Amino acid sequence: MLVIGGGPIGSAVARDIAKSGYKVIVLEEDIEIGKPVNCAGIVSPKLIPLTNVSEEIILSKLNRAYIYTKSGKKILIGDSKIRAVAIDRERFDKLLADQAMNSGVKYIMNAKAIGIDDRVKYTSNVLKNKINKNYTFKNNITKSDIVKNLINEDNITIKFLRNNREEKIKSKLLIGADGVNSDVAKWFDLEKPKEIINALTFDINLDIFDENSVNIIASRSYSPGLFAWIIPINNKRVRFGMGISSNSNRSLKYYFNKLRNIDLKPFSYMFNNFNKNNNDNKISVGKIPLGLIKKTYSNRVMIVGDAACQVKPLTGGGLYYGLISAKRCAQIAVEALNKQDFSESLLSKYQRFWMKDIGKEIEQGLGLRNIFLNLSDDDIDELLDTFGQEEFIKIINRYGDIDFPCRIALKIITKKPQILIYIKKYIIDSKLKSK
Ligand SMILES: Cc1cc2nc3c(=O)[nH]c(=O)nc-3n(C[C@H](O)[C@H](O)[C@H](O)COP(=O)(O)OP(=O)(O)OC[C@H]3O[C@@H](n4cnc5c(N)ncnc54)[C@H](O)[C@@H]3O)c2cc1C
């Protein structure tokens, strides 16, 4: 069977299916696994046992976060417990691919999947261009009807380009782990992300003020739709990153240039260093998908990871959710292969399982995100004043889990129900503004 995409999620799925004795091929368009890196690499320590990779990928251990607002207000959350680690993302991807190869997975590198079964493509083009001359469709047949018919074939044919030559491969089951711009999702008419975050990141040498703390600025004027961060990766180097919603009025470049002139430590301190040495060429840019995809399967097909939007809506982190879902995807793929049943009805189990694991958190995260998107910088200041109070910080520190941030919101509401009266206006505002 075939996996498109040799990122961490594709490798994890491929590894687990191969472990059950099935032949698995991964098609990867890049020439090297793990490159280019487009990730801040902040994950919870749970990622290490989940993937069984060695702790050598950990660059730094993080137990505190300073959260700033535009006006310079700040709160400190965290204590002595390690809440997150910064990992070497390139090494992580390579280790997962090694695990997959050791389980028997074959990688075809420098191979870009470009399409499926000619018949499906031909039919969809005919439908699109309305050049229905030589081909008669029975009663309003649609592309999805043709896709549904794939179940009556023995397999799907996938076309790919290697060294500028077109090649074909047949697979009983196709897994799309091909990231945010998933071609597999497009070919099978699966839902697109609701929103995209445009993000950038770079590493820079810097004397560190605090080796275990992350610095975050949440401001509509500087990074609308997400936030900006500085993460220590060792005692002489930091990783900067920022994200904005693609629905923002201005470009990522505009907000980045604005932020590099900010007068707020530690951001100004880092940017002084960055600007002095003209480091623009070190920046890497990427996209993060957000939303809750209701159908991540079709006959003979499943999508997983960023391709399926399995990402935390409040932070844009996709590694943990993608890897949890990779386990579910592999589990159902093995069941389908054992039973030789690749129908939508069997593969729909995958959706049910991953939704049970993370669906509620994504749904609630999207709800909270909607409130966040409508906050002005003054609102953020006000909220920081409230949640910066000792009683809230204690709850956050006790129950905080970067993989399930919405659970803290529920804990706060349970322990301090009076907060609902205070946040009611933000909920009403967000509902009115999104109408
Ligand atoms: C700036 C930035 C910072 C981030 N920071 C964090 C963070 O701190 N923590 C976190 O958890 N997440 C973070 N993320 C998100 C994280 O990087 C993704 O969730 C993760 O990479 C998803 O893995 P994936 O395997 O699904 O997709 P990808 O890593 O995108 O892998 C997809 C692979 O498919 C290949 N591919 C695509 N199309 C084809 C094709 N047609 N044929 C063959 N191959 C194809 C690609 O080359 C790629 O190798 C960040 C993202 C960005 C952009």
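# Close-up views of a predicted chain

**View 1. Strand 13 and strand 17, side by side.** Strand 13 and strand 17 are paired in the antiparallel sense over 7 bridges; two strands count as paired if DSSP finds at least two bridges between them. Helices (H or I, at least four residues) and strands (E, at least two) are DSSP runs, numbered from the N terminus. Look for Ile-196, which stands opposite Pro-289 in strand 17. A word on the model before moving on: it is predicted, so local features need pLDDT of at least 70 and side-chain atom pairs count only at pLDDT 80 or more, while totals for chains, interfaces and linings use all residues. Residues are numbered from 1 along each chain as its sequence is written.

View 2. Axes here are lines fitted to C-alpha atoms, for helices over the stretch in contact, and angles run from 0 to 180 degrees between N-to-C directions.

**View 3. Strand 14 and its partners.** Strand 14 (residues 213–217) is mostly covered, with 4 of its 5 residues buried. A residue is buried if 20 or more other C-beta atoms lie within 10 Å of its own, exposed if 12 or fewer, and partly exposed in between, with C-beta atoms placed from the backbone. Strand 5 (residues 64–68) runs parallel to strand 14 and is joined to it by 5 bridges; here Ile-67 stands opposite Ile-216. Strand 15 runs antiparallel to strand 14, with 3 bridges between them, and Ile-217 stands opposite Ala-228 of strand 15.

**View 4. Helix 7 and its buried face.** Helix 7 (residues 252–259) has the buried residues Tyr-255, Phe-256 and Leu-259. Seen down the helix axis, these residues fall within an arc of 105°, so they line one face of helix 7; the arc is that of the directions from the helix axis to the C-beta atoms. An α-helix has 3.6 residues a turn, so residues three or four places apart point the same way. The face turned away from the buried side carries the exposed residues Lys-253, Tyr-254 and Asn-257. The buried residues of helix 7 pack against strand 13 (195–205), strand 15 (228–234), strand 16 (237–245) and helix 8 (267–276). Two residues are in contact if their C-beta atoms, placed from the backbone, lie within 7 Å.

**View 5. The open sheet of 6 strands, with Ile-303.** The strands of this sheet follow the order 8-2-1-12-19-18, with mixed pairing. Strand 8 (106–108) and strand 18 (297–298) stand at the edges, each with a single partner strand, so one side of each is left without a neighbour in the sheet. Strand 12 (residues 174–176) and strand 19 run parallel and are joined by 3 bridges, and the bridge partner of Ile-175 in strand 19 is Met-302. Ile-303 is also found in strand 19 (residues 301–303). With 31 C-beta neighbours inside 10 Å, Ile-303 counts as buried. Leaving out residues up to four places away in sequence, Ile-303 touches Gly-176, Ser-182, Val-184, Ala-185, Leu-190, Thr-296 and Ala-308.

**View 6. Helix 1 against helix 9.** The axes of helix 1 (residues 8–19) and helix 9 (residues 319–339) come within 8 Å and cross at roughly 30°. Helix 1 and helix 9 are therefore roughly parallel to each other; angles under 35 degrees count as roughly parallel, over 145 as roughly antiparallel, 65 to 115 as roughly perpendicular and the rest as oblique.

**View 7. Helix 12 against helix 13.** The axes of helix 12 (residues 390–399) and helix 13 (residues 405–415) come within 10 Å and cross at roughly 135°. That makes helix 12 oblique to helix 13. On the helix 12 side, the contact is made by Phe-392, Ile-395, Ile-396 and Tyr-399.
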